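Here are some notes for your reading of this entry. Please keep the sequence and the 3D view open while you go through them.

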Amino acid sequence: MASGTQLTTAREDGLLLLRLDRPDKRNAIDDALLAALGAAVAEAGDDVKAIVLYGAGEHFCAGLDLAEHRDRAAVEVVEHSRGWHRTFDALQFCGRPVVAALHGAVVGGGLELALAAHVRVADTTAFYRLPEGRRGIFVGGGASVRASRVLGADRLTEMMLTGRTYDADDGQRLGLSHYLEPQGAALARAKALARQVAGNAPLSNYLMLNALARIAEMGREDGLFTEALAAALAQSTDEAREGLAAFLEKRKAGFEG
Ligand code: 1HE
C-alpha cells in the first residue's frame, strides 16, 4: 500500500485500488489530490486490469476543496477546470474498467469524478448533490457533459438550480449508481465487479470502454458505421472464437491478457 498525502494506492490481484484519503476534509479535491489521481492513473502498469475508486471515512467526496478556491481570473478558472477535465478523461479512457464505490456525500466535483467511472456501486448512505448553483459558481469537472448524459439536461438544470439532494434510492433510479448495496457493502461489491469485468476479452473491453462513449457523441450514420468497424475488430480475434466456443460447449471462457 502506497500512501501519498491524500491518495492511498494498493494492489490486489490485478486491481489498482485508489482511495481518496482526506476524510477530515470529506475527501475534498484540491490541486494535490487531483495531481495524485492523474499520476496514479498514468503510472498504472500493464498488470493493472481494473481500477477501483473509493473514499476513506464517512463520505466518497465533497467535491472541489473550497478552502483552496480563491479569486481567480477567468482564464485561470478555465485552466483549472480544463485540468479536471484532463484528469477525469484520463481516468475514463485509461483503457481499463473503472469501478467506483460510493457512500455518503457524492457531491459537486465528487459526483463529477464518480461519473467518470464506468461502473458505480453505491451503498444506502450515498447522496448526490450539485451545490455549485447555490454557491454562485458553476460546475467545472465535466458535469455539463457527463451528468447530462445520465440525467438529461432538463433534470440537471433543475438539480443545479434548486441544489436538491437525491438520496441513494433516487440515485439508483436515475442511473447515478448502477448497483445499490447495504451500508458498508459497496466496496466489496465494487471489487467483485471489477474482477469480473477484468476477466472479459481484452479487445472487447477496450472497445466498450473507448468506443461506446465516443459513438454516443456521433451522428447516427457515423455511429452505426463505427460500430460495424468495432464489431469487425472484436469478432475477428481469437478471444471471440474462444468466447463463442465456450458458450456452445457450456464452459467458462478463458481469455488471455
Ligand atoms: C471541506 C469541503 C470542501 C467539507 N472543501 N473543505 N462542495 C461542496 O459545496 C460541499 C461542501 N461540503 C458539504 O456540504 C459537507 O461537508 C458534506 C455534506 C460533504 C459533509 O458534511 P459533514 O457534516 O460530514 O462535514 P462538515 O462538518 O461539513 O465538514 C467537515 C470538514 O470538512 C470541515 O473542515 P473543518 O476544518 O472545519 O473540520 C469542512 O470545512 C471540510 N469540508 N467539504 C473544503 N468541499 C472543478 S469544479 C467542482 C465544483 C465543486 O465541486 S463545488 C462543490 C463543493
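The points below go through strands, some single residues and the ligand site of this predicted model.

1. Start with the hairpin. Strand E2 (residues 7–12) pairs with strand E3 (residues 15–20) in the antiparallel sense, and six bridges connect them. Two residues lie between the strands of this hairpin. Two pairs can be picked out in the view: Arg11 faces Leu16 of E3, and Leu7 faces Leu20 of E3.

2. Next, look at the turn of that hairpin. Asp13 sits in the loop between E2 and E3. Its phi is near 45°, which is a positive value in a residue other than glycine. Is Asp13 buried or exposed? With a relative accessible area of 59%, Asp13 is exposed, because the cut-off for that word is over 50%.

3. How much of E3 is buried? Five of its six residues are, so the rest of the structure largely encloses this strand.

4. A second residue with a positive phi deserves a look. Arg26 has a phi near 55°, and Arg26 is not a glycine either. Arg26 belongs to the loop between E3 and helix H1 (31–42). With a relative accessible area of 43%, Arg26 is partly exposed.

5. Strand E7 (residues 119–123) is a covered one: five of its five residues are buried. In a regular strand, side chains alternate between the two faces of the sheet. Here, Val119, Val121 and Asp123 point one way from E7, while Arg120 and Ala122 point the other way. Residues on both sides of E7 are buried.

6. E7 also has partners to trace. Strand E5 (residues 98–102) runs parallel to E7, and four bridges join them. Val99 stands opposite Val119 in this pair. Strand E10 (residues 179–181) also runs parallel to E7, joined to it by three bridges. There, Ala122 is opposite Leu180 of E10.

7. Another group of strands makes an open sheet. Three strands take part, in the order E6-E8-E9, with mixed pairing. Which strands stand at the edges? They are E6 (105–107) and E9 (165–167); each has a single partner strand, so one side of each lacks a neighbour in the sheet. From one strand to the next, the twist averages 20°. E6 and strand E8 (residues 127–129) pair in the parallel sense over three bridges, and Val107 has Arg129 of E8 as its bridge partner.

8. Now turn to the ligand. How many residues surround the ligand? There are 25, and the closest are Lys25, Ala62, Leu64, Gly109 and Arg135. Sorted by class, this shell has 11 nonpolar, six polar and eight charged residues.

9. An N or O atom in the side chain of His59 is 3.1 Å from a ligand oxygen atom. For Asp24, a backbone N or O atom lies 3.3 Å from an oxygen atom of the ligand. For Leu66, a backbone N or O atom is 2.8 Å from a ligand nitrogen atom. The ligand exposes 1,000 Å² when taken alone, and the protein buries 67% of that. Which elements give two or more residues to the shell around the ligand? They are E6, helix H3 (109–114) and E8.

10. Last, a residue in a helix. Arg189 is part of helix H7 (residues 186–198). Its relative accessibility is 32%, so Arg189 counts as partly exposed. Arg189 and Arg86 are 103 residues apart along the chain, and 28 Å separates their C-alpha atoms.

Conventions: Residues numbered from 1 in each chain as written. Predicted model: local features only at pLDDT ≥ 70, side-chain atom pairs only at ≥ 80, totals over all residues. Heavy atoms only, no water. Pairing = 2+ DSSP bridges. Axes fitted to C-alpha atoms, helices over the stretch in contact; angles between N-to-C directions. Near = heavy atom within 4 Å. Polar contact = N/O pair within 3.5 Å; in protein donor to acceptor, adjacent residues only side chain to side chain. Areas by Shrake-Rupley, 256 points an atom, 1.4 Å probe, with all protein chains shown as cover. Nonpolar A, V, L, I, M, F, W, Y, C, P; charged D, E, K, R; others polar. Buried < 20%, exposed > 50% of the residue type's maximum accessible area, 1.4 Å probe, protein only.
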